Amino acid sequence: MDTNTIIGLRIKNLRTEKKYTLKYLSEHTGLSIGFLSQLERGMTSIAIDSLDKISKVLEVELSSFFTTNMKQNDIHIVRRYEQKSTVINPEIIEYPLTNHAKDFDLLPRLVEVMPSLQEDGELELYSHDGEEFIYILEGILTLQIEHDIYHLYPGDSAHVHSNLSHNWKNDTNSITRFLTVHTPNPFHQK
């Protein structure tokens, strides 16, 4: 099973164990019933901050939706060959750049974005607490912040207050790779 299916099944199982309806989960997370229904069926991906909202309502740790087999012998170094990938959806693959996300305030990731599968390509914008930093390594990233659209090229960066509605996509025919660091880190355990 892919990551979306696993996460969706886990959410559905937890929700039904607690006898919560989709409406209840929607009201307490601010996510639409339709989106939650698609999520539970593995038909869509979810942003980490939205998954964090769900984990709080379901009273589980965010990390319980993921499995990791990273070596724990060196907390400071992540070797390229040790990086584990997470397929967020058919267009996005993420690589955590830390072995111990729960111990830090920042969440650093390498993100690979495949060419968009949608022809019209209108972005669904979202917002959350914190801030995000993006640095483009390869390709061209289309970034939308509120009503403004930017095309970022290798070497370009963006620093955004995450409470502004935003999202990004790849409108080209080749892969886009970028580094991103954001707060708050939903995996951080104080």
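This is a predicted model: local features need pLDDT of at least 70, side-chain atom pairs count only at pLDDT 80 or more; totals for chains, interfaces and linings use all residues.
Local features need pLDDT of at least 70 and side-chain atom pairs count only at pLDDT 80 or more, while totals for chains, interfaces and linings use all residues. Residues are numbered from 1 along each chain as its sequence is written, and side-chain values use heavy atoms, without hydrogens and water.

**Cavities**

The whole structure holds 2 cavities of 30 Å³ or more. A cavity is a set of points on a 1 Å grid over the protein atoms alone where a 1.4 Å probe fits but cannot get out, and its lining residues have an atom within 4 Å of a point. A volume is the space filled by probe spheres set on the points, which are joined across faces, edges and corners.

| Cavity | Volume | Lining residues |
|---|---|---|
| Largest | About 70 Å³ | N4, I7, L39, T44, S45, I46, I48, L51, F66 and I88 |

Two or more residues of the largest cavity's lining come from each of α1 (3-17) and α4 (48-58). Helices (H or I, at least four residues) and strands (E, at least two) are DSSP runs, numbered from the N terminus. Ala, Val, Leu, Ile, Met, Phe, Trp, Tyr, Cys and Pro count as nonpolar, Asp, Glu, Lys and Arg as charged, and the others, Gly among them, as polar. The lining of the largest cavity has 7 nonpolar, 3 polar and no charged residues. For the second largest cavity, the classes are 3 nonpolar, 1 polar and 1 charged.

**Surface**

L179 lies in strand β9 (residues 176-183). With a relative accessible area of 32%, L179 is partly exposed (between the limits of under 20% for buried and over 50% for exposed, with a 1.4 Å probe and protein chains only).

How values were computed:
On a 1 Å grid over the protein atoms alone, a cavity is a set of points where a 1.4 Å probe fits but cannot get out, and a pocket is an open set with protein on both sides within 12 Å along at least five of seven lines; lining residues have an atom within 4 Å of a point.
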